[in-house]
Amino acid sequence: MVVHGPNPEEFITIEDCLIHRGDGSPPFQANIVIKGQRIFHVGHDSPADGLTLNGRGLIAAPGFIDVHNHTDQELSSSLGEELSYDRLDYSDRRCHNYIHQGVTTIITGNCGQGFVNSDAWRQLLIGNHFGTNIGHLIPYESVREDELGRNHNEKALSRHSIDRLLRRIDLEMAKGALGFSVAFDRVPGCYASTAELLEYAGVVAKYDRVFVMLIRNESGVGIIDSINEAIEIGRSTGARIHLSQFRLYKPLL
């Protein structure tokens, strides 16, 4: 929790708020004492000096996490290839919309789309002092385009093309990417075979990261096959599997 007071050494006390620890334990009423950028004390007493805020009727909890976020896509659409810090307005830089909802961490790179260069994305965030923590996934569609070209239309990738993607995914994982994402409801994600995905998942498993999938079919009995594919990828490689946008459509008759 970050609180900007007039003096970083001054105590800030939030009195009598309802505290949810986030571990499943019952909430309780207490004071929270902050010093600098850290919680100094939680209890019913508080320092005599410093700033005091009334927390009655309010809830204090660990920050929420938005695991399916597209902030990076929105920024890349507005910035294009120029990752210029001064082109973002104040509210974009500070993520006010998320902070005001209590969201302190977002995960980007979902649905196979987003920034491919982890370093460029990280520098954009650092340069703008973003208001939330951000974890990033390496997106299949974007990394394929970056490595093979925007107009690359090879449906079944050659051994050479797959090896290029594997090297790039490995590089971005080494830089700190939290995982890999793919979406089967669009081109070129729909072209990726299970065998191809098993290779990418092997890299993800090597780093003990997350393999995020928007499954191949979300209607009728096809959803069973899609879930089984995800399970097979996880079991065969040891990668942590996360299904995003899990839903069931009724097929049109």
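# Notebook: salt bridges, sheets and cysteines

Entry 1: I started with Asp163, which is partly exposed, at 27% relative accessibility. A note to myself before going on: this is a predicted model. I then looked up what Asp163 pairs with, and found a salt bridge to the side chain of Arg159, at 2.8 Å from N to O. Both residues sit in helix H6 and are 4 residues apart, which is about one turn of the helix. Arg159 is partly exposed as well, with a relative accessible area of 44%. As a reminder, side chains of opposite charge can pair when their charged atoms come close.

**Entry 2: other salt bridges.** How many salt bridges does a search of the whole structure find? I got 14. One of them links Lys175 with Asp119, with the closest N and O atoms 3.4 Å apart. Lys175 belongs to helix H6 (residues 159-175) and Asp119 to helix H4 (residues 118-128), so this pair ties together parts that are 56 residues apart in sequence. I checked accessibility too: Lys175 comes out partly exposed at 25%, and Asp119 partly exposed at 33%.

Lys175 and Asp119 also turn up in a network of salt bridges, whose members include Arg122, Asp146 and Glu147. Elsewhere, I noted a salt bridge between Arg186 and Asp185, with 3.0 Å between the closest N and O atoms. Arg186 is partly exposed at 25%, and Asp185 is partly exposed at 44%.

**Entry 3: the parallel sheet.** Next I traced an open sheet of 6 strands, in the order S6-S7-S8-S9-S10-S11, with parallel pairing. Which strands are at the edges? They are S6 (64-66) and S11 (240-243), each of which pairs on one side only. On average, neighbouring strands of this sheet are turned by 25 degrees against each other, ignoring direction.

I zoomed in on S7 and S8 (residues 133-139), a parallel pair with 4 bridges. Thr105 lies in S7 (residues 103-108), and its bridge partner in S8 is Asn133. Helices pack on this sheet too. Helix H5 (residues 140-148) touches S8 and S9 (179-183), and its direction makes about 60 degrees with that of S8. Helix H8 (residues 222-237) touches S10 (210-214) and S11, at about 160 degrees to the direction of S11.

**Entry 4: back to Thr105.** Is Thr105 buried or exposed? I looked it up: its relative accessibility is 18%, and the cut-off for buried is under 20%, so Thr105 counts as buried. Its side chain makes a polar contact with the side chain of Asn133, at 3.5 Å. Leaving aside neighbours within four places in sequence, the contacts of Thr105 include Phe64, Ile65 and Asp66.

**Entry 5: antiparallel strands.** I then went to S1 (residues 11-19) and S2 (residues 28-35), which run antiparallel and are joined by 7 bridges. Phe11 stands opposite Lys35 of S2. S2 also runs antiparallel to S3 (residues 38-43), with 5 bridges between them. Here Ile34 has Ile39 of S3 as its bridge partner. The hairpin of S2 and S3 has 2 residues between the strands, and Gly36 in this hairpin takes a positive phi near 65 degrees.

**Entry 6: cysteines.** Last, I looked for disulfides and counted 0 in the structure. I still checked a couple of cysteines for accessibility. Cys17 is buried, at 2%, whereas Cys190 is partly exposed, at 34%.

Definitions and conventions
Residues numbered from 1 in each chain as written. Predicted model: local features only at pLDDT ≥ 70, side-chain atom pairs only at ≥ 80, totals over all residues. Heavy atoms only, no water. Disulfide = S-S within 2.5 Å. Buried < 20%, exposed > 50% of the residue type's maximum accessible area, 1.4 Å probe, protein only. Polar contact = N/O pair within 3.5 Å; in protein donor to acceptor, adjacent residues only side chain to side chain. Contact = heavy atoms within 4.5 Å. Pairing = 2+ DSSP bridges. Axes fitted to C-alpha atoms, helices over the stretch in contact; angles between N-to-C directions. Salt bridge = Lys/Arg side-chain N within 4 Å of Asp/Glu carboxyl O.
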